[in-house]
Amino acid sequence: KILITGGLGQIGTDLSIILRKKYGAENVIVTDINKASDSVLQAGPFFHCNSLESGRLEQLVVDNNVDWILHLSAIMSVLGEKIPHQCMDLNIDGLRIALEVARKHNLRIFAPSTMAVFGADAGKVMTKDDTILNPTTIYGITKVLLEQLGAYYNRKWGVDFRSIRYPGIISAATLPGGGTTDYAVHMYHYALNNQTFNCPVHANEPLPMMYIDDAVNGTVKFLEADRSLLKRCTYNMAGFSFTPDELHKSIEKHTKLSMTYEEGTSVAQGIAHSWPDSMDDTNARNDWGWKPEFLLDDMTKVMFDEIPRCHPAVPKLQK
Ligand code: VAH
């Protein structure tokens, strides 16, 4: 059985759907601090869980005979700069609680990392798994700690800790939630709603990105991989890279999007500029068979179908 914390977030929403298809709805327990909608409640077991509430996660693990924890609850980059103390509380203390539960009950534990662990000294092009990690954001700092603490639990107590450094993930089901890469998801929504988008990231700032289907399919492959294949706890996982201007052009193959750019350096721009332009994921490809399927224009096509399907209030693309 699999238990997901932060299960209503961007990764959890789509990951729980594919895991339930594979393992059965009853065997995937979604938890979150937020209230579940009726459709979530109908889809399978859901429990309220504040990742910082002492004993709650452990009680859910014991009551439900859980084998794997997917600890997804976290505060992301831009929001983290607004509320750094809450970001430290959730991202550090929440992780410690989850790792302890995994150690005590001998569980596999997955927790996401991110390209935000890299800072300016990491090398911007095809940034490797093993490089200098000097992040500038509190979010990136908490994720370096996540990688290191997980690796420590693995060495010291043999906990099967696994992590992926994701690029920006683009998805339709959830609305953006406080990240630097949110701008890309917003652009699709603004295009469909026929509104002008004021982009916080500069037109020519490239960032590594990935479509959600690749992200969740790759994650399932990684979760299922035999531990003996893994030569490290944390792997870079990359899709493709684009700038806001390139995404704009991809969108305008389907519909008009009127755009302006924030002047000067917004918080998101400062963060985006400190992150890599592209990531090297050779180790993930070689060790456990990671392979992305979506390129920029494939993603644009699917996003225009998926957003109105997931959010009926958003108008469909005029063809
Ligand atoms: C953010 N989407 O923008 C997240 C992510 C790789 C970036 O961790 O903060």
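**Close-ups of a predicted model**

**View 1. Ile 109 and its neighbours.** Leaving aside residues up to four places away in sequence, Ile 109 touches Ile 69, His 71, Ala 98, Leu 99, Ala 102, Val 159, Asp 160 and Phe 161 (contact: C-beta atoms, placed from the backbone, within 7 Å). Numbering runs from 1 along each chain as its sequence is written. This is a predicted model, so local features need pLDDT of at least 70 and side-chain atom pairs pLDDT 80 or more, while totals for chains, interfaces and linings use all residues.

**View 2. The largest nonpolar core.** This core has 87 residues, and Ile 69, Ala 98, Ile 109, Ile 170 and Tyr 188 have the most contacts inside it. A core here is a set of buried Ala, Val, Leu, Ile, Met, Phe, Trp, Tyr and Cys residues joined through C-beta atoms within 7 Å; buried means 20 or more other C-beta atoms within 10 Å of a residue's own.

**View 3. Helix α6.** Residues 138-157 make up this 20-residue helix, which reaches 28 Å from first C-alpha to last, close to the 28 Å expected at 1.5 Å a residue (1.5 Å times one less than the number of residues). Helices are DSSP runs of H or I, at least four residues, and strands runs of E, at least two, numbered from the N terminus. Buried residues of α6 include Ile 138, Leu 146 and Tyr 153. The buried residues pack against α4 (77-82), α5 (84-105), β6 (113-114), β7 (160-166) and β11 (234-236). Just past the helix, Gly 158 takes a positive phi of about 70 degrees.

Note on methods
A residue is buried if 20 or more other C-beta atoms lie within 10 Å of its own, exposed if 12 or fewer, and partly exposed in between; C-beta atoms are placed from the backbone. Two residues are in contact if their C-beta atoms, placed from the backbone, lie within 7 Å.
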